Amino acid sequence: MKAVVIGCGRVGSAVATQLASEGWTVTAVDENEAALARLGGGWAGGFVVGHGMDVEILTRAGIEDADAVVVATSGDNTNIVIGQVAQKRYGIGCVVVRLLDPRRAEFYAKLGLRTICPTQTAISYLTEAVRSCDVPPLEPAAAS
Amino acid sequence: MYVVVAGGGKVGKNVARSLVDSGHEVTLIEQRRDRFERLEEEFGHVAMLGDATEISVLERAGIARPPDLVLAVTGDDEDNLVISQIAKEGYGVLKAIARVNDPRNQQHFDLLGITLTVCATSGILGLVEHEVPEHGLVRLLELRSEGLEVVEVQITGDSPAAGKRIAGLSLPEGARVVAVMRMGTAEIAAEETVVRPGDQVVAILKPGLEDRLRKALVG
């Protein structure tokens, strides 16, 4: 099973190493060469330096025969474009895209993109955490 | 008509000014505060501060009316693509025109159905090609989504096509010579038209056949 991870920041690099440890053949792509360090010293997968909107870079990363593509660069709009290119140009069935903006994540999910929105997840978890707190009811103000 | 212009750089600002001057209702969205403040001085309430790729910003700009036209002319291709997609697919805007900054991104706009695009770099390169033809083949018109091109080829004395009848040329399947220009006058190409050195041959073809057409005509 082959995965291409575009954007090798905190999220992308962790997804890449996790998938690799589960037996996937992973190639990571990042504009910044220094991002390779995030994959750790024993990284046996591929690493391509370049922009994910550049089809030459995508080809070099082996997108043409990838089983899964993970898109997690720091730019929502960049991720949206790359995700759709992976889906529609290369016909990849499993494309997951990280988007920080909940509204764009919802909009593009309706258009058929698998979007993951950590912001929305945080909102839900935080709200739920507050709801489940054991907060004593407010004491009625003591009569003076 | 009502026009939303996303991006208040040189392109957006000048287009917005022309549209306002010709009596159209315009909202000009710019995300950089310094730029926005200068725009506000000139345009007043037409200028709006915000990131036009955010749906709430587009909604404030009246994307739901919807506008007759959305111009996505920021300096970032991914932003222009997303703005056009949200406008068309999310709010039923019928016409969105997107600026392509890097010609290599044109294919992404085509892929995602943003058919009205303008790329200054490609335009300039086209002119360069036309004024200084390097490979003997000049693109006159490109109907990308329709899959058709019109090209012009310069015939010289040592071109294999020189001296031949149109019917005798071995053109690739999917390419056809439609006219021959000689001394500034175009003549519709007939089977018996003879191609001569110095002619410019105009052909229509399916994209991708350029090299084979060039070989057949000029070697």
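The following questions and answers set features of a predicted model against their definitions. Local features need pLDDT of at least 70, side-chain atom pairs count only at pLDDT 80 or more, and totals for chains, interfaces and linings use all residues. Residues are numbered from 1 along each chain as its sequence is written, while chains are lettered from A in the order in which they are written.

Q: Why are strands β9 and β10 of chain B called paired?
A: Strands (E, at least two residues) are DSSP runs, numbered from the N terminus. Two strands pair if DSSP finds at least two bridges between them. Here 4 bridges join β9(B) (residues 175-182) to β10(B) (residues 185-188), therefore the two are paired, and they run antiparallel. Among the partners, B:R182 bridges to B:T185.

Q: Which residue between these strands takes a positive phi?
A: The hairpin has 2 residues between the strands, and B:M183 takes a positive phi near 50°.

Q: What makes a residue of chain B part of the contact with chain A?
A: Two residues are in contact if their C-beta atoms, placed from the backbone, lie within 7 Å. The contact takes 16 residues from each of chain B and chain A. On the side of chain B, α4(B) gives the largest share, 7 residues.

Q: Which residues does B:V70 touch?
A: Not counting residues up to four places away in sequence, B:V70 touches B:V4, B:A6, B:I83, B:S84, B:A87, B:V93 and B:A96.
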